[in-house]
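The sequence and the structure follow for reference.

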Amino acid sequence: MLLQVDDLGIHLSGKPIVERLGFKLDAGELLVVLGPNGAGKSTLLKGLAGEHKLAAGQVMFAGRPMTNWSNRDLARQRAVMPQRVEVNFPLTVEEVVRLGRPPEPLSLSMPVLAELMELLDIAHLQHRLVPGLSGGEQQRVQLARVLAQIWDAKGPVLLLLDECTSALDPAHQQQVFSLLRRLARQRGFAVLAVAHDLNLAARFADRLMLLHQGQVHIDGLPSEVLTEGVLAKVYGLSARILELEEGYPLVIPRDDSHKPGYSWPSLSRLAPGNPSCRQAS
């Protein structure tokens with residue numbers, strides 16, 4: 001078991017956002033974390049990334065408590081892509097991707113940079129300034145930078161990705177998730193990706209973990225998680241589910257997609273004492 005999370009709790013401004021949350025992630029597995037806005041997905045990822053202090057519980061990585069890893073060692077084995085990364089300096093695509101590499105001669109970095117820029121369809125943008133790119137192009141640049149960090153890592157690798165395809169067109173969404181699945185299956189990466197697109201997640205994930213009000217509502221195969229009852233209870237979404245011959249479910253919202261009688265959850269428990277626009281999602 002590469003990653004084991006037990007009884008995790010995370011508080012923001014004194015309010016519990018994630019409570020009693022536990023799950024496991026194996027090497028070679030792609031786990032997609034789903035849930036409505038405010039369910040705690042980004043907060044969970046930031047806790048695993050060390051950005052948020054844990055109020056309770058323990059995170060084990062490769063058989064050791066995460067707190068026992070040095071930042072230097074973690075940087076070699078764990079890479080994190082947050083939901084938003086802004087580049088306000090006149091850096092080129094190649095320069096930003098190279099930021100993911102350790103200090104080394106450019107001659108050693110270039111083969112990795114070239115491979116990643118090709119894989120993420122940004123090679124033609126190599127010498128463009130990043131601030132002038134579209135949102136989707138910038139997102140692919142940031143993913144290339146994150147992958148550059150652990151591309152030739154020795155030993156266990158953990159990828160933590162927060163909505164890494166939210167700005168991408170459908171073709172690039174498929175391309176990125178196909179790459180993530182290959183990295184899991186062929187190179188043994190453990191990949192935890194936060195997403196909102198239910199059908200994209202069902203298409204590529206080995207497992208889905210659906211969060212609701214800061215806890216795991218259900219964790220399992222896409223066909224076990226994406227059911228009419230679960231979607232109605234967690235999202236208030238009225239939908240029908242088609243089991244495709246390709247082996248995964250397809251969620252089709254009904255015309256009146258809001259379930260009668262469903263009351264949207266109060267967000268008061270998520271509101272910090274001093275309001276901030278950077279809050280749980």
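Strand β1 (residues 3-12) and strand β4 (residues 56-61) run antiparallel and are joined by 5 bridges. Within this pairing, L3 has F61 of β4 as its bridge partner. The model is predicted, with an average pLDDT of 92 for the protein.

- M60 has P65 in β5 as its bridge partner.
- The two strands β4 and β5 form a hairpin with 2 residues between them.
- In the turn of this hairpin, A62 has a positive phi of about 55°.

**Aromatic rings and charges over them**

- The structure holds 2 aromatic pairs.
- One of these pairs is formed by F61 and W69, and its geometry is tilted, with 4.9 Å centre to centre and 40° between the planes.
- The angle of 40° counts as tilted because stacked planes are under 30 degrees apart and edge-to-face planes over 60.
- F61 and W69 are both buried.
- R64 lies over the face of W69, at 4.1 Å from the ring centre.
- A further arginine, R203, lies over the face of F204, at 4.6 Å from the ring centre.

**The open sheet**

- An open sheet is formed by 6 strands in the order β6-β7-β8-β3-β9-β10, with mixed pairing.
- β6 (78-81) and β10 (215-220) stand at the edges; each has a single partner strand, so one side of each is left without a neighbour in the sheet.
- From one strand to the next, the twist averages 15°.
- β6 pairs with strand β7 (residues 158-162) in the parallel sense, over 4 bridges.
- V80 stands opposite L160 in β7.

**Helices on the sheet**

- Helix α1 (residues 41-48) packs on the sheet and touches β3 (30-34), β6, β7, β8 (190-194) and β9 (207-212).
- The direction of α1 makes about 145° with that of β7.
- Helix α9 (residues 228-235) lies across β3, β9 and β10, and runs at about 35° to β9.
- Which residues of α9 are buried? They are V230, L231, A232, V234 and Y235.
- Just after α9, G236 takes a positive phi of about 70°.

- L108 lies in helix α4, which spans residues 106-119.
- Is L108 buried or exposed? L108 has a relative accessible area of 51%, and it counts as exposed because the cut-off for that class is over 50%.
- L108 and Q139 are 31 residues apart along the chain, and their C-alpha atoms are separated by 24 Å.

**Confidence of the prediction**

- Of the residues, 91% score a pLDDT of at least 70.
- Over residues 274-281, pLDDT stays under 50.
- For residues 274-281 the model has 16 contacts beyond four places in sequence.

How values were computed
Residues numbered from 1 in each chain as written. Predicted model: local features only at pLDDT ≥ 70, side-chain atom pairs only at ≥ 80, totals over all residues. Heavy atoms only, no water. Pairing = 2+ DSSP bridges. Axes fitted to C-alpha atoms, helices over the stretch in contact; angles between N-to-C directions. Contact = heavy atoms within 4.5 Å. Phe/Tyr/Trp six-rings, centres within 6.5 Å; stacked < 30°, edge-to-face > 60°. Buried < 20%, exposed > 50% of the residue type's maximum accessible area, 1.4 Å probe, protein only. Lys NZ or Arg CZ within 6 Å of the ring centre and 35° of its normal. pLDDT = per-residue confidence, 0-100.
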